[in-house]
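Please look through the sequence and the model, and then follow the sections below.

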Amino acid sequence: MPLCRRLRVLRSLGIARACKLSLLIAPAGYGKTTALSQWVDQLSAGGIKVAWCTLSAREAEAGEFLRIVARALHAGGIDMTDTGLLLDGDIHEDAALDAILLKLERTTGDIVLILDDFDAIQDSAPVQLLDELLGMLPPHAHIVVSARQKPPFGSLSPLRTQGQVRIIEPEELRLDPDEIRELLQDHVPADHLEDVAEWTRGWPVAVQLFRLWREHGGGDNLAYPPRWPTESVADYLSEQVFNALSDEQRRFLADISILDEIDPDAANHVRDADDALRLLRELQLLLPSLIETAQPSAHPIFRLHPLVAEAARASFPLEGSRAATLHRRAAGWYLEHQRPIDALRHAAAMNDVGVVTEILGSIAPLHIFLRSGLGELKAFIREIPPPIVEQEPRLQLMLAFIHFKTGFFTEALRALERITLDGDDPQREIERLAIRTTCRIYVGDCDQTLDRDLERLRELTPTDPLMWAWRVNLQIVLHEQRGELLQARKAIDQCDTIYDIQGIGFASFHLMIHRMLVNLAEGSLRLIAGDVGRMLKRRRAEFSSDVPVLSMARLAEASLSYERRPSEAVEEVINQSLEQFGDSESWFEQRAIAAPILADIAFYRNGPDAVAEFADRWQRWSAERGVIYLQNLLPLLRARYLLLASRVEEAEALLQPFLVGSDAGAERYPRWREREFLRSVLVLYRLAKGDIDGARDQALRLMTEAREGGRLRGTISGHILLARVHHARGEMAEACAEMLAAVRAAHPEGYVMPFTEGGPSVRYILEALANDPAVSPIERRHIELTIRSFTLQPLQNPHDLSRREIDILRHLAEGVSNKLIARRMDITENTVKFHLKKAFQKMGVTSRRAASAAFEAEREAGCYP
């Protein structure tokens with residue numbers, strides 16, 4: 001029985017499309033969903049794209065809210081495949097909202113986004129996101145929110161002032177006499193229609209129930225109380241309509257009322273029967289529009305109207321033992337179908353701590369994280385009664401892990417120390433080992449005990465592919481840090497295979513970060529440049545919501561740029577990349593790539609004291625977060641630039657911890673970047689102290705280890721440092737020979753920075769080498785480029801664009817509107833317009849398209865980072 005055509009509501013919704021927002025606010029039973037369904041049919045017939053979201057408590061997480069919006073937009077005709085938002089896994093909220101806004105901007109034609117049952121997620125995070133979405137909404141887009149209560153939107157008052165919101169409230173949603181007549185048709189005499197209208201007050205569900213009651217044999221001499229509350233009408237009519245159901249249908253309705261969404265297979269399992277689909281179809285015929293098909297297909301999913309579910313629970317209360325049995329079976333079915341949150345919800349409904357604990361024993365929470373990301377793990381923990389969370393050590397482990405992944409390293413590590421796991425439960429040991437090892441590696445541990453822990457994890461999980469992938473992922477990080485690049489590549493391939501078999505596409509994205517790090521360690525700049533260039537061109541497509549991958553690509557791009565032509569222009573790009581990574585997604589490798597470049601820029605700009613300020617700032621960051629992986633790198637950076645400034649005594653004070661047994665001291669440091677950096681600084685220190693043989697020994701060790709490890713940059717640095725050793729001995733011919741070997745290794749890849757960081761004596765040797773007839777023309781050109789690069793200069797900037805103008809043009813080249821550029825850069829739209837106007841004048845263009853084309857061409861030519 002479809003509801004009558006809601007012409008008045010449809011007109012209101014049509015008028016409201018001229019605004020940004022429509023609100024349908026009314027209690028249950030006012031036909032909000034039905035009216036919106038009719039409107040969707042009308043819009044679709046007119047060729048207008050419609051995206052529909054039916055929300056639930058699951059979408060209270062900001063990431064899940066954005067994911068369901070993206071999936072609705074995709075179903076509504078906006079291709080969201082290339083955003084990454086259709087995959088499971090964690091979502092970076094800012095980037096995801098950015099991707100959604102960009103898709104809406106680029107959509108041709110009108111689009112309507114409907115958010116039904118918004119009450120289910122009246123949480124601050126989704127409300128704030130929707131506020132921001134409304135603020136950035138393009139003119140051709142319109143949002144409809146349906147809820148029982150008015151959502152607490154901060155933007156509501158400004159939108160009302162601007163005439164950009166229309167609120168449709170209960171009075172407008174009530175059925176008028178004509179609609180009641182159409183709905184009741186011949187079931188009520190014409191002279192009774194006014195009585196029915198007065199009695200039901202036009203409440204749509206009450207009129208529907210009245211008609212159903214009459215269809216099923218309701219009495220002719222019904223007395224219409226003149227002033228009944230609408231709730232009483234619903235209770236009374238529900239009772240009358242339910243009386244028309246058979247005993248079998250009533251029992252079935254009582255049983256399935258515990259389910260939010262009714263999968264016939266789940267209903268059969270819960271009831272230990274096989275007739276659910278038949279009974280659901282029968283009830284749909286008896287209670288049309290009150291039992292909806294949420295997913296029409298060969299395997300439909302059903303939903304009870306909220307009032308029907310409430311009335312069924314009230315009319316047919318389940319006995320305690322029956323309810324417990326149904327909830328237990330439901331929990332078992334959801335467990336079997338990989339829906340642990342729903343399983344826990346049913347276990348908790350039994351109010352039996354023992355059952356909840358039993359269900360928890362069947363769930364591997366880390367699998368939830370690996371399959372679906374941190375947001376799903378948080379939602380899982382929220383479903384567990386707090387007393388159980390406080391008592392169960394496994395859940396305390398999960399809370400500590402959530403803290404760690406949120407960036408609270410110190411608090412997480414302290415919590416891990418406090419947790420004691422009694423007994424010999426292997427699952428507890430697996431989870432503790434996995435989490436503790438992850439935390440240790442990410443804050444900076446790199447010693448051999450980690451290998452023992454990972455081996456123990458392998459022994460405990462021989463048949464668990466997800467935990468196998470977890471372990472291999474951690475081994476990748478250790479291999480990268482130790483310079484074991486072949487092993488790292490093999491482990492990456494292993495992990496990728498596991499993710500592919502398990503269907504965890506989002507996790508494979510993160511392996512791209514490891515591939516970039518291995519490529520950077522090997523030092524093939526041409527290969528890296530090609531990979532990073534292709535990735536950044538696709539960044540607003542396939543990886544738009546995967547911020548760590550994009551941030552790594554930008555960091556790699558900036559590193560390549562500085563290695564080839566040192567310029568302070570990359571400083572802002574590097575800082576932005578690290579900020580976008582966030583504390584929990586960056587580890588030693590990213591910081592160790594960025595720190596030398598930022599320190600080099602600081603030195604050439606303002607000398608060694610600026611390097612000290614930079615190092616102090618990073619040291620404070622490390623101390624606040626409990627990170628230990630920078631404790632060697634930062635003092636070594638300071639010492640290097642003090643030595644280049646001939647402030648040897650200050651450098652010596654910083655190097656004291658490293659000088660104990662210094663001839664073999666570098667072996668004490670398991671990370672290859674620390675060893676390589678320490679050896680290079682020790683060469684400078686030994687030369688400054690007149691210990692030429694000691695300097696030569698360190699330079700040879702650096703070069704030998706780098707060559708054996710397949711690291712080109714270290715090999716180049718080794719040659720350069722040996723050239724300095726020969727120069728210090730007065731052996732100019734040998735110094736030029738070593739420098740020429742460095743040039744020949746460097747110029748095919750374009751390396752410049754290993755020379756510029758070597759100090760004035762390297763420049764002197766290069767100037768002498770430039771006049772050597774043994775040097776080929778291409779090698780001489782590289783030498784001349786390197787000599788020019790000893791003075792830190794900005795990249796070529798043909799139009800003298802400011803940094804702000806360059807940043808804005810970078811976004812403009814992606815086809816982004818001024819409003820979205822302003823959001824990304826946290827500035828006003830007027831500021832964007834002001835800088836674009838100046839940039840257009842400098843570039844001699846008059847349109848956005850021309851400016852984008854010119855900027856991209858100049859960027860490809862290397863004019864901008």
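## Cysteines

Is C736 buried or exposed? With a relative accessible area of 11%, C736 is buried, a value to be read with the reminder that this is a predicted model. Another cysteine, C439, has a relative accessibility of 0% and is likewise counted as buried.

How many disulfides does the model hold? The count comes to zero. For C439, the closest cysteine sulfur is that of C446, and because the two sulfurs are 16 Å apart, they are too far from each other for a bond, given that a disulfide calls for sulfur atoms within 2.5 Å.

Strand β4 covers residues 141–147, and since seven of its seven residues are buried, the strand is largely enclosed by the rest of the structure. As a rule, side chains in a regular strand alternate between the two faces of the sheet. In β4, A141, I143, V145 and A147 point one way while H142, V144 and S146 point the other way, and all of these residues are buried.

Two strands pair with β4 as follows. Strand β1, residues 21–25, runs parallel to β4 and is paired with it over five bridges, with S22 standing opposite V144. Strand β3, residues 111–116, is also parallel to β4 and joined to it by five bridges, and here I111 has A141 of β4 as its bridge partner.

## Helix α25

Helix α25 is made of the 12 residues 449–460, which at 1.5 Å a residue should span 16 Å, and the 17 Å between its end C-alpha atoms agrees with that expectation. Its residues L450, L454, L457 and L460 are buried. Around the axis these four cover an arc of only 120°, which puts them on the same side of α25.

An α-helix has 3.6 residues a turn, so residues three or four places apart point the same way.

## Helix α43

Which residues of α43 are buried? They are E779, H782, I783, T786 and I787. Seen down the axis of the helix, these residues fall within an arc of 140°, so they line one face of α43.

On the other side of α43, P777, R781 and R788 are exposed. The buried residues, by contrast, pack against α40 (732–746), α41 (753–756) and α42 (760–769).

## Aromatic pairs

Across the whole structure, a search finds 12 aromatic pairs. In one of them, the ring centres of W333 and Y334 lie 5.2 Å apart with the planes at 80°, so the pair is edge-to-face, as planes over 60 degrees apart are counted in that way. W333 is buried at a relative accessible area of 6%, and Y334 is buried at 4%.

The rings of F614 and W618 have centres 5.0 Å apart and planes at 50°, so this pair is tilted. Both residues belong to helix α33 (residues 608–625), where they are four residues apart, or about one turn of the helix. F614 is buried with a relative accessible area of 4%, and W618 counts as buried at 8% relative accessibility. Elsewhere, F369, F401 and W470 form one aromatic cluster.

## Two loop residues

D274 sits in the loop between α13 (264–271) and α14 (276–286), and with a relative accessible area of 71% it is exposed. Although D274 and P264 are 10 residues apart along the chain, their C-alpha atoms are separated by 8.6 Å.

R711 also has its place in a loop, the one between α38 (692–708) and α39 (712–728). Is R711 buried or exposed? R711 is buried, its relative accessible area being 4%. Leaving aside residues up to four places away in sequence, R711 touches G483, L485, A521, E522, W672, E676, E705 and A706.

Definitions and conventions. Residues are numbered from 1 along each chain as its sequence is written. This is a predicted model: local features need pLDDT of at least 70, side-chain atom pairs count only at pLDDT 80 or more; totals for chains, interfaces and linings use all residues. Side-chain values use heavy atoms; hydrogens and water are left out. Buried means under 20% relative accessible area, exposed over 50%, partly exposed in between (1.4 Å probe, protein chains only). The expected span of a helix is 1.5 Å times one less than its number of residues. The arc is that of the directions from the helix axis to the C-beta atoms. Two strands pair if DSSP finds at least two bridges between them. Rings of Phe, Tyr and Trp (its six-membered ring) pair if their centres lie within 6.5 Å; planes under 30 degrees apart count as stacked, over 60 as edge-to-face and the rest as tilted. Contact means heavy atoms within 4.5 Å.
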